Amino acid sequence: MKSIQKKRDPIKGLILERQREERISSLDLAKKMHISVRTLSRMMNERHTDEWQLKYVRLALWALNVTQEQFAASLTAGRR
């Protein structure tokens with residue numbers, strides 16, 4: 001039986017990390033992104049951020065005050 005290896009998702013990791021740091025609930029994040037909590041939950045649990053529309057990635061990062069440096073660092077972390 002083959003093990004299913006999940007693809008690394010540094011953007012989602014950054015979103016979750018910043019959500020904890022900023023103490024922003026999923027409800028508040030969804031409101032800032034102009035989507036329902038259910039949609040946000042489905043995106044976070046069922047889809048890789050590669051499959052998200054770019055506007056939702058941008059909105060999430062904006063809502064969580066992620067700098068360009070933090071974003072770039074998250075993409076390169078773990079690739080060494």
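The largest pocket holds about 150 Å³ of space. A pocket here is an open set of points on a 1 Å grid over the protein atoms alone, where a 1.4 Å probe fits, with protein on both sides within 12 Å along at least five of seven lines. Its volume is the space filled by probe spheres set on the points, joined across faces, edges and corners.

A word on the model. It is predicted, so local features need pLDDT of at least 70 and side-chain atom pairs pLDDT 80 or more, while totals for chains, interfaces and linings use all residues. Numbering starts from 1 along each chain as its sequence is written, and side-chain values use heavy atoms, without hydrogens and water.

Back to the pocket. Which residues line the largest pocket? Lys6, Lys7, Asp9, Lys12, Met44, Asn45, Glu46, Arg47 and His48 do, each with an atom within 4 Å of a point. By class, that is 6 charged, 2 polar and 1 nonpolar. Charged means Asp, Glu, Lys and Arg; nonpolar means Ala, Val, Leu, Ile, Met, Phe, Trp, Tyr, Cys and Pro; the others, Gly among them, are polar. Helix α3, residues 37-46, gives the largest share, 3 residues.

Now the fold. The protein has 5 helices and 0 strands. Helices are DSSP runs (H or I, at least four residues); strands are E runs of at least two.

Next, helix α2, residues 26-33. Leu29, Ala30 and Met33 are buried there, meaning under 20% relative accessible area with a 1.4 Å probe, protein chains only. They sit on the same side of α2, because they cover an arc of only 100 degrees around the axis, taken from the directions to the C-beta atoms. Just after α2, His34 takes a positive phi of about 65 degrees.

Definitions and conventions. Buried < 20%, exposed > 50% of the residue type's maximum accessible area, 1.4 Å probe, protein only.
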